[in-house]
Structure formats: structure tokens, C-alpha cells
Amino acid sequence: MKNLLPVATYMLLLASCTKDFTPVNDKNTGVTFSKKESAVFSEIGAIVLGPAGASEISAYDPLTKRLFVVNNGGINKIDVLDLSDPAMPVVISSISMAPFGGLVNSVAVSNGKLAAAIEASNKTDNGKAVVFSTTNFNVLATVSVGALPDMITFSPDGKLILTANEGEPNDAYTVDPPGTVSIIDVEKNYEVNTLGFSGFASQLEVLAAKGFRIFGPNASFGQDVEPEYIAVSANSNTAWVTLQENNGVARIDLRTQIITDIFPLGFKDYSIPENAIDPSDQDGKIEFNTWPVKGIYQPDGIAVNLSNGTPFIYTANEGDVREYSGFTENKRINNAAITLDQGAFPNSLFLKNNTNLGRLNITAILGKTNGTYNELYSFGARSFSIWNGNTGEQVYDSRNELDQLAVASNTYADNRSDDKGAEPENLTIGRVGNRNLLFVGLERANAVVVYDITNPVKPVFLQFLKAGVAPEGVLFVDAENSPSGNSLLIVSNETNGEVKIYSNNN
């Protein structure tokens, strides 16, 4: 910890002194020229769109220089911002979601089309993907997809729209729709194919042995799977989908539209020094130590980048809890219902103390044998990870560096130590010059961290950017498509309804 800040400062100084050349096409002349680009970003603009929920996910349209922002801060709508001057974003219109259902959860843009994922007024009913013109907001298509479409994206070639349909149960857990992924063919009049996961039920024993979780009460395999976020390869042939509550990632062949694999993600060991955590919000300090606990990766956001022919997928290991009136999986270790096996935990009284592990939230579903717990599993991994997209093998994990960076920047929320720490929520990848950069949003540290991932298995920390409250969406706009000619990072902050815009320094 003592050495972290000098290293971070050194990397920041190094980045600020280094500029790379990016090929940029002048749309007026058609001429491609080299533009110097820095990997250092700074805030240039911001706008508050309303109360909590007023700024969740954003999508940028380079054709109209407009930013479309999910706003569920009262009236469910998509706010439309003029981003001609990124330093001074202006709301010019909004698109009401009232004709289409309930909350709008996600937006994406491609070739003058705005796609929105909209859940039904009753979230367990099928939702909609609605496509609008980015110019006049006319509806181009309305497509029925699975229940609770939580994320929407275009394939890079613009030919497909994909939705991750989470299929959450109702609060009583008496209705549990299947989790699905819908694939919409733009060129075939928005024809939709919705894929389910029930075909993997016969593999449950093998998957569970590697850390995949199927545990909802009375839920079938297909019902229990909950798709969260989607990343699509640059050639538009393959998609990867996080299955957050289940602790897995699915791979889809978009040419055949078949789910080919589920990759269980296993567990993170907090008993080794590099993974040390601060698990208590009542110890009066921030202190990282090793503990006999495992973390369930449970990623939310996902991104993909190809390197030397191998697709590497990047996940923000947020963690999530099933917590309903009809079923709740989480308990604190100090709960009387959590009886620790004396063979596995001979110091159980020490561990159950609130200044040690007592306050840590764990799942009551895993680690129990004959009425006692011989293993403890907490939610999330307090990190981002890199996985081989072909095999599901982990090739890198950031260990406890995100929490350590938040502490060094005085943004670590100690009252979240018993939950998921700085809570990495979402991430995105952008190309600046000859570098690939990874941007990771930390929901509880109110920040975005920037890494150089040009070497995809050896990320290098570059910068810690303070954001608004609870960054939900992180969006990169490359220099060629940016209204300013500089690369932009756009961060949507859910709790204070603010959009913040950062630019690199050229």
C-alpha cells in the first residue's frame, strides 16, 4: 500500500509525456492523416439530467453529434443531448417510453439508428427492443424480446441487434421467466430469434463443479440463468454474455445463432496476500488482510478485444445478490444461522466478530455441509478480470488493486467493505493512438480507472478519474467520430443523474 501512490504517480507522469499517433479520416476531404493523441484524460464538461436514475446508460451518434441518455429519474424517457461542443452538452429533446412499456434499461446506436431496451410494465412479461431514427426519432421497428431486457447492443457491422433479457422473478418468486438473449436481424426487417439456456441443463453437474450457480427456488436451468451484459467481436461473428447471478459467461456463435458454451468462472481466494480485502464496515479503519473467504466473480459489464488472433474478454466483477421477499440468499457471517464448522474454522468466534468477518455478506447457498459451513463465499471479486474468450480460462485478475487505488485517492467507501468494496460495475475499451485503453467504472468509489491493455495479459494502470455518484455507463468515443476531434470518455452517473465528459489532452 505504501508503494502504490508513487507508482501510480509515475505512471500518470509517463502517460502525460507520451503521445501516440492515431490515423484520422477528414470527412470533408476524405484524406487520412496522423493525429497525435495523449492517453491522459481530464474532465471538460458535465450536465445534470435529474434525480437518481436520470443518467444510466448513454450512446453517441456521430452522424448527428447527439448523445442519447437513459433517464428513469421520474418519467421514463431517453434524453437527447446536442454534443457538438462536448464541453457544453445541451438537452434538445427527449423520447417518452410511455407508449412502449416500463423502464428503459439500455440504449445503443449504429448507422443513424437508436435501439432501446424497454422492460414491460410487469417486468416478468416480455419486453421490447424499439428502434428509432437518430435524426427525427421516428420509430423504425418495435420487436418483442424476452423478459426484462437489461442491455442492448449492435454488432459492429450494424447488421444485428442483441438484447440480454435478464428474466428476473417477481418479488414473491412465484413467477420466474427464462433468461434469454434475443438476436434481431436489421436487414431482414428486424426478424428476431430469442435463445434460451435450457439445452445446458444436462451439463449442470459439470458446470456447478467449476463454480456455475443454479439455485433459485423451483427454477429450471433456463429460468435460473440471468443474462446481464453483451460484448460482440469486431468481426460480428461471436458474442459473449455475462450471466451475473450464475457466475458464468456464455458464448454465442452469431453466424449460426447457437449458444455454444457456458464458461463457469470459479471463485477468488481472499486468503492469499495479493487478494487481501477489508471485510468490515465497523472496524473503524481501512485495512486489507487475508481471510478464509472466497469471492464469486459474478461480472456485470463485459468487453472484448482481439490480440494475435485470440479474443480476450474483460469483465467488471461487481457481484449481485438475489434478495426478494420470496427468497433471499444473503446473510452476514455473524448471523446465528451461519454455523461455522470447527474443523474448517477453529477460530470461528474471532471470525464472527463484527470487526473481523462478522459483517461480511455471504451467500447461504454455498459451502454448507450437514448443517455447518466449511467454506464461505462473498459476492463479487472486487476486481476486473481478463479471460480467454475461446476457453474461458482466466489470464489476469486485478487482485485488490481497484480498492487500493480508491484508498490512495481518498474515495474508498469503508461503509461498503462488508459488501463489494469499490464495486466495479461496467467497463469499456477504446483505441488511442497505438494503445488499447480499458476504462473501469467503480460504482461505490465514484470513479473510473484507466489501464493500458495494449499487452492484453499485462494491464498497466494509467489514471484514476473522479466521476459523479455511482457511475453506471462508461462510453468511449474515438477521435475520428468525436465532435471535437479528440477521444472522449462519457460517464453516466446513476445516483446524482449527471453525465460527465472527459477528453484526452492533445
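Buried residues are those under 20% relative accessible area, exposed ones are over 50%, and partly exposed ones fall in between, with a 1.4 Å probe and protein chains only. The model is predicted, so local features need pLDDT of at least 70 and side-chain atom pairs count only at pLDDT 80 or more, while totals for chains, interfaces and linings use all residues. Residues are numbered from 1 along each chain as its sequence is written, and side-chain values use heavy atoms, with hydrogens and water left out.

**Exercise 1.** Determine how the rings of Phe 288 and Tyr 412 are arranged, and whether each residue is buried or exposed.

*Solution.* Begin with the rule: rings of Phe, Tyr and Trp (its six-membered ring) pair if their centres lie within 6.5 Å, and planes under 30 degrees apart count as stacked, over 60 as edge-to-face and the rest as tilted. By this rule there are 15 aromatic pairs. For Phe 288 and Tyr 412 the ring centres are 6.2 Å apart and the planes stand at 65°, so the pair is edge-to-face. Finally, Phe 288 is buried because its relative accessible area is 18%, and Tyr 412 is buried because its value is 9%.

**Exercise 2.** Work out which strand holds Asn 105, and what lies 3.0 Å from a polar atom of its side chain.

*Solution.* Asn 105 lies in strand β8, residues 104-110, and its relative accessibility of 11% means that Asn 105 counts as buried. A polar atom of the Asn 105 side chain is 3.0 Å from the backbone oxygen of Pro 149. Contact means heavy atoms within 4.5 Å; leaving aside neighbours within four places in sequence, the residues in contact with Asn 105 include Ile 57, Val 70, Leu 148 and Asp 150.

**Exercise 3.** Describe the lining of the largest cavity by residue class.

*Solution.* The lining of the largest cavity has four nonpolar, two polar and four charged residues, where Ala, Val, Leu, Ile, Met, Phe, Trp, Tyr, Cys and Pro count as nonpolar, Asp, Glu, Lys and Arg as charged, and the others, Gly among them, as polar. Among the lining residues are Lys 268, Tyr 270, Asn 275 and Arg 399, a residue having an atom within 4 Å of a point on a 1 Å grid over the protein atoms alone, in a set where a 1.4 Å probe fits but cannot get out.

Key:
Helices (H or I, at least four residues) and strands (E, at least two) are DSSP runs, numbered from the N terminus. A polar contact is a pair of N or O atoms within 3.5 Å; within protein, one must be able to donate a hydrogen and the other to accept it, and residues adjacent in sequence count only if both atoms are side-chain atoms. On a 1 Å grid over the protein atoms alone, a cavity is a set of points where a 1.4 Å probe fits but cannot get out, and a pocket is an open set with protein on both sides within 12 Å along at least five of seven lines; lining residues have an atom within 4 Å of a point.
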